Structure formats: structure tokens, C-alpha cells
Amino acid sequence: MKKKYTLDRIEDGYYVFLPYPEEEDELIISTKKVTPEVNEGDIVYLIDKEDHFIAEVQQAETEGVKEEVKSLLEKLKNKRK
């Protein structure tokens, strides 16, 4: 089964994924059970293969979200001036 997640953070050898776009629950998986490696902020499809997961990074979608966040941060910085 294939589901979409955002990698929220990496803690003590574990990936903490949040369902995309709701981001309400956490899915915690050992970094050793996910291939290939993913980075914080990546939007991925996780495919459950019984003893491990395959991550398909959605590069265009990840970049789009990162640009949105960057734009919002710039707007906040400019309001402070």
C-alpha cells in the first residue's frame, strides 16, 4: 500500500512522518527500514514492503512547498521592519 507523508524530523535513528496534507498523526519508522534515505521536509510516498518501506520522494511537490514556506517567512520578516 502506498500513502503520502511529509518527513517532519529525524530523531535518534527514527524518521517521524506526518500524513500529507493533514499532518495530524505521526508515523515513526527506524531509518534502517526506509530506503532510500530522505531529508526533513521531503514529501514522499511510502510503500510498505512487509519488513521495510520504500520512499518515493515527490521532488516537484517538495520544492513547491519549500518555496511557499520560504515566501511566508520573507513576508513575516518584512512585516517586522
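Analyst: The largest nonpolar core has 11 residues: Y5, L7, Y15, F17, I29, V34, V38, V44, L46, F53 and A55. A nonpolar core here is a set of buried Ala, Val, Leu, Ile, Met, Phe, Trp, Tyr and Cys residues joined through side-chain atoms within 4.5 Å. Buried means under 20% relative accessible area, exposed over 50%, and partly exposed in between (1.4 Å probe, protein chains only). Four strands each supply at least two residues of this core: β1 (2–11), β2 (14–19), β5 (43–48) and β6 (53–57). Strands (E, at least two residues) and helices (H or I, at least four) are DSSP runs, numbered from the N terminus.

This is a predicted model, in which local features need pLDDT of at least 70, side-chain atom pairs count only at pLDDT 80 or more, and totals for chains, interfaces and linings use all residues. Residues are numbered from 1 along each chain as its sequence is written, and side-chain values use heavy atoms, with hydrogens and water left out.

V38 touches L7, I10, Y15, F17, V44, A55 and V57, leaving aside residues up to four places away in sequence. Contact means heavy atoms within 4.5 Å.

Now the loops. Between β2 and β3 (27–30) lies P21. A cis peptide bond joins Y20 to P21, with omega about 5°. E23 sits in the loop between β2 and β3 too. Its phi is near 55°, a positive value in a residue other than glycine. E23 is partly exposed, at 37% relative accessible area.

P36 is in the loop between β4 (34–35) and β5. The T35 to P36 peptide bond is cis, with omega near -15°.

The loop between β5 and β6 holds E50. E50 is not a glycine, yet has a positive phi of about 70°. E50 counts as exposed, at 82% relative accessibility.

Last, the helix. A60 is found in α1 (residues 59–80). A60 is exposed, with a relative accessible area of 66%. The C-alpha atoms of A60 and L72 are separated by 19 Å, and the two residues are 12 apart along the chain. V69 is also placed in α1. V69 is partly exposed, at 41% relative accessible area. Together, V69, L73 and L76 make a nonpolar surface patch of about 270 Å².

Conventions:
Patches are made of residues with over 30% relative accessible area and no salt bridge: like charges are joined within 9 Å, nonpolar side chains (Val, Leu, Ile, Met, Phe, Trp, Tyr) within 5 Å. Accessible areas come from the Shrake-Rupley method with a 1.4 Å probe; for residues, only the protein chains shown count as cover. A salt bridge is a side-chain nitrogen of Lys or Arg within 4 Å of a carboxyl oxygen of Asp or Glu.
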